[in-house]
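The exercises below go with the structure shown here. Try each task before reading its solution.

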Amino acid sequence: MLDIKQLRNDIDSLADKLIVKGYSLPKSEFQSLESSRKSLQVETENLLAERKKASKAIGEFVRQGMTPDEAKTKVQEVLDRIAESLSEKESELKAVQAKLDDILFSVPNIPHESVPPGKDENDNVEVAKWGELPSFDHEVKDHVDVGAQLAGLDFETAAKLTGSRFAVMTGAVAKLHRALAQFMLNVQTNEHGYEEMIVPFMVNQDSLFGTGQLPKFGEDLFKLDFEQEYYLIPTAEVPLANVVRGDILDAAQLPLKMTAHTPCFRSEAGSYGRDVRGMIRQHQFEKVELVQIVHPDESYAALEEITTHAETILQKLGLPYRKVVLCGGDMSIGSAKTYDLEVWLPAQNTYREISSCSNMTDYQSRRMQARFRNPETNKPELVHTLNGSGLAVGRTLVAVLENYQTAEGLKIPEALQSYMGADFLPYKK
């Protein structure tokens with residue numbers, strides 16, 4: 001979330017900046033609530049001062065001729081009146097503050113000045129392309145058909161076991177999926193310096209609030225019917241970033257670079273009818289996530305770095321892709337700047353998102369109260385957080401199945417051959 005001082009002191013400038021994200025800041029409502037908050041706060045403080053003064057008035061009443069019992073009764077009457085008024089004002093103040101919090105929690109992060117304007121993905125700006133698009137001497141199949149011919153991708157059994165938007169992988173395809181995840185982790189830990197972590201696949205409300213999924217995006221989550229309020233993670237970003245929630249780090253600890261391979265669970269609320277065939281949009285998928293916790297001065301350099309780390313996977317796999325910078329209207333609520341990597345899918349004859357890398361600046365760290373001690377001032381300051389997919393394992397499998405298909409089977413990318421113990425998988429069907 002943003003610093004509420006920005007809303008109080010510079011709301012007009014802030015509103016102008018947020019237009020890039022297509023967000024209309026409710027200035028009048030905020031200012032009206034803020035005026036009420038100030039007034040109620042003054043009234044509450046005055047009542048507290050009056051209560052303190054009244055509690056010392058017994059002696060004064062006695063000096064004026066009252067008996068001690070009369071003085072105590074008189075003071076108690078005053079205190080009761082003050083307590084009633086104070087309770088009313090505190091209740092009103094709490095209600096006003098809750099409305100202010102609702103606004104504060106819904107205001108997006110301020111987009112970086114380099115973020116292009118636009119409404120949706122059609123307005124994203126391509127900044128680079130890598131790789132040559134494959135050519136085929138046979139009719140191109142999509143990943144569903146390639147997986148079926150390898151006897152390794154089964155959606156009917158998954159539907160029987162659970163429902164739509166799930167998959168069962170078998171044999172060589174399951175091994176290929178596992179190989180991709182291991183390959184991604186090895187590159188990020190051995191070459192890019194990330195620390196591998198195993199994290200819970202369930203988190204509490206505080207963790208989801210910290211990274212911004214709650215309260216606004218609860219419908220996208222799977223909440224467990226359990227004694228505690230646990231949620232299945234939508235991405236490993238949530239547990240990884242929350243590792244530093246409530247902490248004050250030494251400056252020498254920065255940057256922290258963490259990675260984890262986890263399942264991800266998403267309800268896909270609002271996406272009904274989109275990508276119903278295959279593995280592009282599922283309720284459960286796996287991802288290797290990259291998270292960096294950095295000094296505020298270093299976060300935009302870190303964004304370029306973390307994006308390059310995700311690109312490395314695609315390049316080592318020989319998968320053509322393009323890099324786009326998201327326009328304001330297509331960015332997440334917490335991001336100040338985002339790059340998407342979109343891999344080429346021959347069967348769709350288009351590029352599809354396979355990684356999203358974002359600089360969240362201090363939007364998450366303010367929610368999490370994740371800080372470092374600045375050695376120049378010896379005071380705690382908010383860190384900046386970044387996250388990126390390095391990569392979505394299922395979508396990478398889709399890209400391999402489609403880009404490396406032949407008329408007889410599937411070629412194995414060179415980078416995966418040692419994991420698979422083979423360079424080719426023949427069709428079985």
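**Exercise 1. Place Glu-121 in the chain, classify its accessibility, and find its distance to Gly-329.**

Step 1. Glu-121 sits in the loop between H5 and strand S1 (125–130). Helices (H or I, at least four residues) and strands (E, at least two) are DSSP runs, numbered from the N terminus.

Step 2. The model is predicted: local features need pLDDT of at least 70, side-chain atom pairs count only at pLDDT 80 or more, and totals for chains, interfaces and linings use all residues. Residues are numbered from 1 along each chain as its sequence is written, and side-chain values use heavy atoms, with hydrogens and water left out.

Step 3. The relative accessible area of Glu-121 is 53%, so Glu-121 is exposed. The classes are buried (under 20% relative accessible area), exposed (over 50%) and partly exposed (in between), with a 1.4 Å probe and protein chains only.

Step 4. Glu-121 and Gly-329 are 208 residues apart in sequence, and their C-alpha atoms are 8.0 Å apart in space.

**Exercise 2. Describe the overall form of the protein chain.**

Step 1. The secondary structure comes to 14 helices and 18 strands.

Step 2. The protein chain has a radius of gyration of 28 Å, well over the 22 Å that the globule rule gives for 429 residues, so the chain is more spread out than a compact globule. The radius is taken over C-alpha atoms, and the rule is 2.2 Å times the number of residues to the power 0.38.

Step 3. The C-alpha trace spans about 110 × 45 × 40 Å along its principal axes.

Step 4. Of the 429 residues, 48% are buried.

**Exercise 3. Work through the salt bridge between Glu-34 and Arg-8.**

Step 1. A salt bridge is a side-chain nitrogen of Lys or Arg within 4 Å of a carboxyl oxygen of Asp or Glu. The closest N and O atoms of Glu-34 and Arg-8 are 2.8 Å apart.

Step 2. Glu-34 lies in helix H3 (residues 27–54) and Arg-8 in helix H1 (residues 4–9), so the pair ties together parts that are 26 residues apart in sequence.

Step 3. Glu-34 has a relative accessible area of 5% and is therefore buried. Arg-8, at 36%, counts as partly exposed.

Step 4. Lys-99, which lies in helix H5, is 65 residues from Glu-34 in sequence and 9.8 Å from Glu-34 in space, C-alpha to C-alpha.

**Exercise 4. Compare the accessibility classes of Arg-366 and Asp-362, which meet in a salt bridge.**

Step 1. The N to O distance between the two side chains is 3.2 Å.

Step 2. Arg-366 has 15% relative accessibility and so counts as buried, whereas Asp-362, at 21%, counts as partly exposed.

**Exercise 5. Describe the backbone and surroundings of Asn-378.**

Step 1. Asn-378 is not a glycine, yet its phi is positive, near 60°.

Step 2. Asn-378 lies in the loop between strand S14 (371–374) and strand S15 (379–382).

Step 3. Its relative accessibility is 52%, so Asn-378 counts as exposed.
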